[in-house]
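Q: Could you walk me through reading this model, one feature at a time?
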Protein chains: 2
Amino acid sequence: MAFMLLSFYRAPLGFLLFLFLTSFRFAMGGNLLVIPQDGSHWLSMQAVVEELHQRGHKIVMVIPEVTIHIRPSQHYTVRTYPVPYSKEYLELRIKELSFNIFAEEPFLQKVFTMYKRISNFSRFMFSACKHFLLENEMIQTLNESKFDAIFIDPTFPCGEIVAEYLSLPSVYFLRGIPCAIEYEVSQCPSPPSYVPRIFTSYTDHMTFPQRVKNLLVNHLNPLLCSILYSQYGNLASEFLQRDVTVLDLFSHASVWLLRYDFVFEYPRPVMPNMIFIGGVNCAQRKNLSQEFENLVTSSGENGIVIFSLGSMISGIPLKKAMEIATALGSIQQTVLWRYTGQTLPNLAKNIKLMKWLPQNDLLAHPKTRAFVTHAGSHGIYEGICNAVPMVLLPLFGDQMDNAKRIESRGAGVTLNILDMTSLDLSNALNAVINEPKYKKNIKRLSALHLDKPIHPLDLAVYWVEFVMRHKGASHLRPAAPNLDWFQYHSLDVVAFLLVILPSGLFVILKCCSFCCRKCCTLKGRFKKM
Amino acid sequence: MAFMLLSFYRAPLGFLLFLFLTSFRFAMGGNLLVIPQDGSHWLSMQAVVEELHQRGHKIVMVIPEVTIHIRPSQHYTVRTYPVPYSKEYLELRIKELSFNIFAEEPFLQKVFTMYKRISNFSRFMFSACKHFLLENEMIQTLNESKFDAIFIDPTFPCGEIVAEYLSLPSVYFLRGIPCAIEYEVSQCPSPPSYVPRIFTSYTDHMTFPQRVKNLLVNHLNPLLCSILYSQYGNLASEFLQRDVTVLDLFSHASVWLLRYDFVFEYPRPVMPNMIFIGGVNCAQRKNLSQEFENLVTSSGENGIVIFSLGSMISGIPLKKAMEIATALGSIQQTVLWRYTGQTLPNLAKNIKLMKWLPQNDLLAHPKTRAFVTHAGSHGIYEGICNAVPMVLLPLFGDQMDNAKRIESRGAGVTLNILDMTSLDLSNALNAVINEPKYKKNIKRLSALHLDKPIHPLDLAVYWVEFVMRHKGASHLRPAAPNLDWFQYHSLDVVAFLLVILPSGLFVILKCCSFCCRKCCTLKGRFKKM
């Protein structure tokens, strides 16, 4: 593998070099193994993989036989492993996760159903992983392929097991893991006093009761980790023929590529091997097709509104869809609604239902006035990149937290999709479209987000290549993992200083005083003799 | 002020834009106020200021009338304020600080003298600051100049007071502050279990007794801060006409430009508004003059050794210099020694004494075999950039820590300049020159250090401009400063959960049980009646 070192001394020569390296393929690229996760996660990881291919690297990607978003491509070699389910079954499992939102069940029943479905989904992913690891022949081939590094979506730790088995340095690509294990394993402090935990919908300014709840939620993380990952420890130990815990599996990242940007996330302590590439998915902008260009142009002065609840929701109940349609019909803008549910009667003329939208390209159009979104992180970054104020209808997972972040920055209005009325939605839309503060705030966020010395996609590619060039990035890993938790928090030192040292001194003093007294007594006796 | 936003979508167009912006001056630049510190600190800050000038910004720099390294330049407007000392007096104060190293005094006497001199130097800097703030007319002119930002070396917090007075967003440029106040004010966690404190010479792998000492040293920081800065609180309160503490003064940085790189520093938690620009001083490499080129060429196959104890040491005792000369005379390389002390008799032919050396350019020469340095951070980065193994002779301040870092990476040998013999020095030189491990390790560090997506100098300039463009970077500041220390550590929440909540519940239970008993008693009475 022949890499060129970017020791550019200095601009403009350095940038000419960089430009050269970026624009043209390497004469000889490296070998990269990629283990992604299906679903929306893949959408932004794909951009990085494609770019790595453009830069001349040979890429082998391992995926299950059955996928939804991941497709074979001429840009990388795809190796598949058999799984004991069909595409229909996989789609059903994913639909189940999102359908639960609209189910008319008592709250506790809903939570229980959700728990059961997450737990089922987790078991389902585990079963796919087991099938991967049973593919002896494929794993043997991977072992012989002499990869320079492995590029993993670590949400379910199957790639991590393979990385360990093949002794490859790894780059993790993620937004975050539900039980925040990434902070635990990278020894990154997360003070619960101002770093809100996932699923709380808190900001970084919490009231006392919120801080109490945040601390309690923090202590529930191990439970959540256990629901998601408890089986992987045994699987890894069996496969690697040595004792491995789930924490061990996650702890080997050379570099964490986090889809984070601090115009969206709240500032917090971070570690040197965390690289922030929030907005990586905004990169691939294209011109609109004639169909969409015509639709946008015909909207006139009023412009358009983009409505999408993401790829995970395939349909919403008819009653709710009708309410939404009433609200959308009441505004002056043309609404492009990504909708795949039942046919809606008496639809207002300004509403155009589409099975798919070129979301980022539409958001980039100057006629776009607002974005109604389920507050998935990809969509939100597209909203920020293109400075479009948002109406946020979070459905599940981290979407409530995402919505709160945008709302707390004054760049959008959050509604509860279950409780909201038509009037709530049309009021929210009118507010973000007509009140200048929303546009002003999202423009400020957008300007800050876009003002970067290097584009997030190039930064992501750069760090994958860095790990390939140097076989890891051990100089960025703190020494903390060598310490036990009580050592990390200096509890042994504090105990020593507060208890053991004074006690020791007390005992020594007592011994001395005892000896002195003995001596005096003996002297007294000698004198008497 | 007309800035162009770097919202480049995407390479290669983005890099073309970047190249354009980097290579040519802006049509209209911004206005920047610079308040530097004299001494070696200025050497790397100057590179950033020069580059900002190249990029078309109008720069006003405020310095005392009497300086050592800072000189007027056509690249920036210099405004001076009178100080009650001469250049000779300033040089004497600085010499005093370094001369103490070689003084033949008992240890405690030495520590006391050093404390007195640091304290004197601090008072001396304070007096200069007071004279600056008395310059009403100049401060009025600065106030009217409508600067976009202020660029400060924050070591002594005079620039910080001016920044507050002029309400300017500020960028701090530093390696570190002796009492580590930068971590306290930016709410950056620094676990003493693996983050070694300054002046301890520990690595990030500490034994138990080292961790005990590290924790104790940590608690001495406020005392050190008080020695250095206690007077600035009152001065600032008086000048700003409101209560201001020293912590307040340091806490307003929009961005911290830290001369850090994790091939040299130990990895540790950091904050989003900390930007790492270690090696910024390696940028300005030039060709050697004919005199030096001839000297290097004539060294033949054996090559050269560079010897410099930095700009703070103007002379070393003759006896020590003779010992060093004996060692240098015993090796096969030509030694270029930056030496300004007394004349040395019978000097070996391979030793060339020079009053000044183009250190970075010499270190970059392929014939350079080793670098004997006092382990100042600038010199060490030049050694790393150019992959030259080092013999480290630390003298004072952070130099012992710096030396330990290079030694712990296997890229150099540390000697105690006071105790070492001629043989120790020649052995150390022969080791780093002839044992391949030293060259291998420094080459590895160098490769990692140079492998960056953007050069540290460009990164520094970028972030100064970022703060100028956006009038700060508040989105990178954590919410933690809004919390009291006990809130930050969730102690109030823990107290509530462990003590107050159970006590409250206990009282409620007791009340209920009391009421029940009362009711039962009353019922009993009623029954009896």
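A: Helices (H or I, at least four residues) and strands (E, at least two) are DSSP runs, numbered from the N terminus. This is a predicted model, in which local features need pLDDT of at least 70, side-chain atom pairs count only at pLDDT 80 or more, and totals for chains, interfaces and linings use all residues. Residues are numbered from 1 along each chain as its sequence is written, chains are lettered from A, and side-chain values use heavy atoms, without hydrogens and water.

Q: How much helix and strand is there over residues 493-516 of chain A?
A: That stretch is 100% helix and 0% strand, with its end C-alpha atoms 32 Å apart. An unreviewed UniProt entry gives residues 493-516 of chain A as "transmembrane region"; such annotations may be inferred rather than shown by experiment.

Q: Into which domains is chain A divided?
A: Bounds come from an automatic or database domain assignment. Here we have domain 1 (26-186 + 220-283 + 455-482), domain 2 (290-450) and domain 3 (486-528). Taken over C-alpha atoms, the centres of domain 2 and domain 3 of chain A are 74 Å apart.
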